[in-house]
Amino acid sequence: MTQKEKKKYRLRENFHQAKWDEPIIFELHTPGERGILVTEAEPGVVEAVGNGISALPENMIRKQGPALPEVSQMRILKHYLRLSQQCLGADFNIDIGQGTCTMKYSPKIHKMLAASPKVTEIHPWQDESTIQGALEIMHKLDIFFREISGMSRFSLQPSSGSAAIFIMASMVHAFHTFHGEAEKRDEIITTIFSHPSDAAAAAVKGYKIITLYHDEDGLVSVDALKEALSDRTAALFITNPEDTGIFNPNIAEFTRLVHEAGGLCGYDQANANGILGITRAKEAGFDLCFFNLHKTFSSPHGCGGPASGALGVTDDLIDFLPVPLVDYEDEKYYLNYDIPHTIGKTRGFHGVFPVILKAYSWVMSLGRAWLKEAAQVAVLNNNYLLENIKKIRGAASPFAAGKHRIEQVRYTWEQLTQDTGVTTEDVTCRMADFGFHLWSSHHPFVVPQPFTIEPTESYSKDELDEYLEGLRTVVEEAYEDPEKVKHAPYRSVVHKIDHSTLDDPEKWAITWRAYLKKDGKDKKE
Amino acid sequence: MKKKDPFVHPYIPNSVPEVKTKMLEAVGVKDIEDLYEDIPEHLRFKRELNLPEALPSELDLKRHVEKILSKNKTCQESISFLGGGCWPHYVPAICDEINQRSEFLTAYAGEPYEDHGRFQALFEYQSLMAELVDMDIVNVPTYDWCQAASTSLRMAERITQRGEVLVADTVAPDRLLAIRNYCEPVVKVTLIKHCPETGLLDLDDLKAKMSKNIAGIYFENPSFLGFIESKGQVICDIAHESGALGIVGVDPISLGVLAPPSHYGADIVCGDVQPLGVHMNYGGALGGFIATRDEERFVMEYPSRLFGITKTSVDGEYGFGDVAYDRTSFGVRERGKEFVGTAAALWGITAGVYLSLMGPKGMKDLGQHILQKSQYAMKRLSEIEGVKTPRFASAHFKEFVVDFNDTKKSVSQINRLLLKQGIFGGKDLSLEFPDLGQCALYCVTEIHTNEDIDSLVNALTDCLTSKDE
């Protein structure tokens, strides 16, 4: 490496996040100030109906207005802009430390397209003739997803990945009900390295959950699955690659065995980013699968939503999908409610259209060649990081030693913690001082002191190197001066948070009014 | 796959061939294919994906998508009277200004250190909604009203340890489908009839179906059909007498003028934040809220994130974090309460901005305007021969049922004719509420001018006398 190349990235030692010490909005209250005025009803209207309120039953009139703060408009703007600056969006940081979430670039042109009145000002019950554009996008995205997964039909109704899992559980239940086996088949099998919702959402539908654990390779063995299968098996819900980034090569054998036992197979494809155009749900034998459009398909995460899932099924399950589906006939797109054994609905209206539009745009901008390229580069980036992180003192990548991973890796700081007392949480806090985000992992921490990194295709080698430099620097500090790391962050928005009140019903404060009551300083007039 | 040029996609920096080579060397493989060694041959997808050619130029993509979207005719290009859970309200400029900020739009799951602003904005949303509904606890938003109502019922099941819920038969049809699917087979859903004249819940039917197995009763106020349920206190009292909970779905924009459900005995209140500063977006920008009292038995049954305010190591500094995280599925998988994941946080932040802007006076002014405008519309429409509105003899908020049974046309015929005049008529109720015959649900808000309403009246008068079908 030449000298010039070495200087292409530099750790941001002088980084400091914006810190405004911004009060809570209620503390800005000045009686009489107005944020916005409401247009008044025209004189003719008032003349005809009076004040409107007198038509209400007396007991339904609000006697005292809501105790909302009264704040002028520019002050409100400033307040929220300052809060936004105290938030580290993916557009600002090298957002590879939030493994399992596929933090990729969300193109700004998509935001612009979604802000068009042609998107924002349409109503879901408009006559189909006035909504052909929206329906066309939904229908075409369905067809793209059929090709990417090999499934026969997609519903874009799921509000998120977890919602898609719940719909899978609902469809599994409807399917077994149709075949007279719902009561007998009351178990859903999943794995510990599949998302918590694969277990939790299935349980909402009344299923008993069997969670399979990995062996020393990080994989669930065929024998473990066989042991769990029985005539009570309703389905298997599994990710692949799992959250370790390890692809289960026996997956077709898994689905074969589950089918043999009379169960269905649902594929949580939250981790699809590394396998687009490489391998598909259909060939692996799945009956249902779903993609997360806010992950693999680029829609931004919005502080935790809006999200969208796309749920695909084989021919045998189309009749159980939620209504409506979007169909095309006689050169017209239409909403098809004629789904014989539909589970009904899981969300109001037809799906999260702005997110669906962004996913459609992303597929169109990559097309047949670059979709696979995106997947491959994401995998290259991941293995590049793996190669380098393995060399960092105190870090390790459990399981499958010497093997490559797909799109992410679950690492451990176990050694670092043993050597220095510095935990994953401490490292994440210190990384914030350099402008990085690092996350631990989903619970339970099967891997001790875990962290999961998923670089996607969006980040340049220089950025990956900068992130690695951050990890190395924090680890160096941990070995030299562990207390320094343990008291971090220093240059983030706030300092070490006191979590002790958050689990105590006497002290937790989920709203400002509850805080004022519990903190004994009820300032309300 | 062969590509003719070293074409580098702007979204994939490391597709630069030299960089790729360098990285492959660092990893110690010759080809990216070698990294997929764990995927067996029989699972490898061998052919090229049958997808369209890429549109990697931003301008090409923009043209392509805009061309498709131009086939939509918007509510701004017409006069629309559609509502029913996705409502046209004025969206203040600052709402979009804030929710389009990259910091909020692209943040996700940062720690409460680097994402302090996200935690504070959502804590403030919870706090502002809490004032609106006059309760002490509000969640980080879930997907939508369907989910909020469904979860409220499952919370009631867990709180009371009872296996059946009662639901008013006037709730939104979509919502009823969602509730049924979310509750069954674990919780039985039983419908309660309404009074055909007033729309109000049939109290005799409620009493007859009440038992020690009922976890809660759910009704909406204003109802899906627009009328105001004035017997909320009686209904909640009946629930409480049997140890059940009163659960009320509410349109939050009504709460500047209407009494919040907590004032007439509701234990759990839910609804959608879309009317509070979020555009309609084809029904794709919803966010569900759930509110309760600050009691451990309620709080511990929420599946959602609940952000709490706390202290930090520095005196006077506010910090934030998750309250009772171990009740969630993130904490304990299937042993958690239902499930939690990415939902609708950005719309929660937006609703917070909206409520900050409106303040108590704005919410009252707006509520009053909507009452006046909708009452004016009902008055004008009922002057048309054969048209009867409101169909239910009760007070209404912003929606109302228009009865066309005495005209010679069906709602679908009428709406077709209105469409020709650039008007989106109200939602046809004939399929989902067959007992009503030919009725439609009309929505009138502050965005409608009296000219809009006059245009509707004229167009309706025309098409009811027209021979066209």
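## A parallel pair in chain B

Start with Ile247(B): across in strand E7 of chain B, its bridge partner is Ile268(B). That bridge belongs to the pairing of strand E6 (residues 245-250) with strand E7 (residues 268-272) of chain B, which run in the parallel sense over four bridges. Keep in mind as you look around that this is a predicted model.

One handy landmark here is Gly308(B), whose bridge partner in E10(B) is Gly321(B). The hairpin made by E9(B) and E10(B) has six residues between the strands, and Gly316(B) takes a positive phi near 85 degrees there. Is E9(B) mostly covered or mostly open? Mostly covered: four of its five residues are buried.

Chain B also has an open sheet of three strands, in the order E11-E14-E13, and its pairing is antiparallel. E11 and strand E13 (427-428) of chain B stand at the edges with a single partner strand each, so one side of each has no neighbour in the sheet. E13(B) and strand E14 (residues 439-443) of chain B are joined by two bridges in the antiparallel sense. To spot this pairing, look for Asp428(B), which has Ala440(B) as its bridge partner in E14(B).

## Chain B as a whole

Now for the bigger picture. Chain B has 14 helices and 14 strands, and its C-alpha atoms fill a box of roughly 80 × 60 × 50 Å along the principal axes. It has 469 residues, and 62% of them count as buried. If you take the contacts in chain B with a separation of 6 or more, 70% of them come from residues 24 or more positions apart.

## Two domains in chain B

Chain B is divided into domain 1 (79-87 + 365-465) and domain 2 (93-355). Taken over C-alpha atoms, the centres of domain 1 and domain 2 of chain B are separated by 29 Å. The contact between them takes 20 residues from domain 1 of chain B and 25 residues from domain 2 of chain B.

What does domain 1 of chain B bring to the side that touches domain 2 of chain B? The elements giving two or more residues are helix H12 (345-381) and strand E11 (399-403) of chain B. H12(B) gives the most, with four residues. Sorted by class, that side of domain 1 of chain B has 12 nonpolar, six polar and two charged residues.

## Over to chain A

Chain A has 16 helices and 11 strands. Its radius of gyration is 26 Å, close to the 24 Å that the globule rule gives for 525 residues, so chain A is as compact as a globular protein of that length. The C-alpha atoms of chain A fill a box of roughly 80 × 65 × 50 Å along the principal axes, and 59% of its 525 residues count as buried. Among contacts in chain A with a separation of 6 or more, 73% are accounted for by residues 24 or more positions apart.

Chain A is divided into domain 1 (21-38 + 66-86) and domain 2 (114-365). The C-alpha centres of domain 1 and domain 2 of chain A lie 41 Å apart.

Helix H14 (residues 461-480) of chain A has 20 residues, which at 1.5 Å a residue should span 28 Å; the end C-alpha atoms are 28 Å apart, so the two agree. Its buried residues include Leu464(A), Tyr467(A), Leu471(A) and Val475(A), and also Lys461(A) and Glu463(A).

What covers the buried residues of H14(A)? From chain A, the cover includes H11, helix H12 (414-420), helix H13 (424-432) and helix H15 (482-486), and from chain B it includes helix H1 (17-27).

## Where the chains meet

The contact between the chains takes 181 residues from chain A and 178 residues from chain B. On the side of chain A that touches chain B, helix H11 (residues 353-389) of chain A gives the most, with 23 residues. By class, that side of chain A has 95 nonpolar, 59 polar and 27 charged residues.

Terms used: Residues numbered from 1 in each chain as written. Chains lettered and ligands numbered in written order. Predicted model: local features only at pLDDT ≥ 70, side-chain atom pairs only at ≥ 80, totals over all residues. Contact = placed C-beta atoms within 7 Å. Nonpolar A, V, L, I, M, F, W, Y, C, P; charged D, E, K, R; others polar. Domains from an automatic or database assignment. Expected span 1.5 Å × (residues − 1). Buried ≥ 20, exposed ≤ 12 C-beta atoms within 10 Å, placed from the backbone. Pairing = 2+ DSSP bridges. Rg over C-alpha atoms; globule rule 2.2 N^0.38 Å.
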